[in-house]
Amino acid sequence: ARDNRVLFTNQATANAMQVRRADIPGSNVGAVFGPLVGRDLLAGISRSRESRATAHQVLRPGSSPEAARSYLGSFIPVERIGEEAGPTLCVLSDVTELQEAQQKHADLLRTLIGALVHAVDLHDPYSANHATRMAEVADAVARELRLEDAERESLDLAAMLANIGKIMIPSEVLTKAGDLDGEERELLRRHVDFA
C-alpha cells in the first residue's frame with residue numbers, strides 16, 4: 001500500500017474480502033477492506049513507516065460473529081516495488097484457529113485454577129474465598145493503574161494462585177485453634193514457597 005492505495009494483492013486476500021482480485025489494485029485501502037479494517041490497516045502502516053520497522057496488529061474484518069476471522073497484519077516498510085518508492089508491504093495471516101486454541105487453553109487454565117482454589121478453600125476453611133477477594137483487590141489496583149488487559153489477566157491469575165501452597169500445609173496446622181509453635185509457624189510461612 002502507498003498513499004492509501006493498494007498496489008497489488010493475492011487471491012487469498014481477495015477471497016477473504018469477498019471481492020474480485022482484479023478490482024483491488026489502485027483502490028483505496030478503506031474501500032477494499034471497509035472503513036473499520038481500513039482504519040486499522042492504515043494505523044499499522046503508519047506505525048511501520050514512523051518506526052521504519054515491521055509492525056504487527058490483529059485485525060478482525062468479519063462483520064458478524066459467525067463469519068469473523070482474525071488476521072495478523074504484518075506491516076513491512078519496503079524501499080521500492082517496481083516504480084513505487086516507499087510502499088508498505090502488508091501481509092495478512094489467518095490466525096483464527098490459533099486464537100480459538102489459545103482461548104480454549106485459557107478457559108482450561110481458568111477451570112484448573114478454580115478447582116485448585118476450591119480445594120484450598122476446603123483444606124483451609126478459615127480463609128475460604130480469600131483468593132477471590134485478593135483477585136478483586138488486585139483488579140481494582142490494576143484498573144487504577146490502567147494496566148493493559150493482558151497484565152490485568154496475569155495479575156488476576158497470580159492473585160488467585162497466591163495461597164495455593166496452603167494445600168501442602170497439614171490441615172491441622174491451618175485450623176489449629178491455639179498458638180502455633182515455631183516449627184508450625186515456619187511451615188505456614190513456607191506456603192508461599194510451595195505456591
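Student: Where do α4 and α6 sit relative to each other, and at what angle do they cross?
Tutor: In this predicted model, the axes of helix α4 (residues 96-123) and helix α6 (residues 149-161) come within 10 Å and cross at roughly 25°.

Student: Why are α4 and α6 called roughly parallel?
Tutor: Angles under 35 degrees count as roughly parallel. The crossing here is at roughly 25°, so α4 and α6 get that label. As for handedness, α4 passes α6 in a left-handed crossing.

Student: Which residues make that contact?
Tutor: On α4 you have L109, R110, I113 and V117, and on α6 there are E153, D156, L157, M160 and L161. Sorted by class, the contact of α4 with α6 has six nonpolar and three charged residues, with no polar ones.

Student: What makes α5 roughly antiparallel to α6?
Tutor: Helix α5 (residues 130-144) packs on α6 at an angle of about 155°, and their axes are 8 Å apart. Angles over 145 degrees count as roughly antiparallel, so that is what α5 is to α6.

Student: Is the crossing of α5 and α6 left-handed or right-handed, and which residues meet there?
Tutor: The α5 and α6 crossing is right-handed. From α5 come A131, T132, M134, A135, A138, D139, A142 and R143, while α6 brings R152, L155, D156, A159 and M160.

Student: How many residues of each class does the contact of α5 with α6 have?
Tutor: Eight are nonpolar, one is polar and four are charged.

Notes. Residues are numbered from 1 along each chain as its sequence is written. This is a predicted model: local features need pLDDT of at least 70, side-chain atom pairs count only at pLDDT 80 or more; totals for chains, interfaces and linings use all residues. Side-chain values use heavy atoms; hydrogens and water are left out. Axes are lines fitted to C-alpha atoms, for helices over the stretch in contact, and angles run from 0 to 180 degrees between N-to-C directions. Helices (H or I, at least four residues) and strands (E, at least two) are DSSP runs, numbered from the N terminus. Angles under 35 degrees count as roughly parallel, over 145 as roughly antiparallel, 65 to 115 as roughly perpendicular and the rest as oblique. A crossing is left-handed if the near helix is turned anticlockwise from the far one by less than a right angle, and right-handed if clockwise. Contact means heavy atoms within 4.5 Å. Ala, Val, Leu, Ile, Met, Phe, Trp, Tyr, Cys and Pro count as nonpolar, Asp, Glu, Lys and Arg as charged, and the others, Gly among them, as polar.
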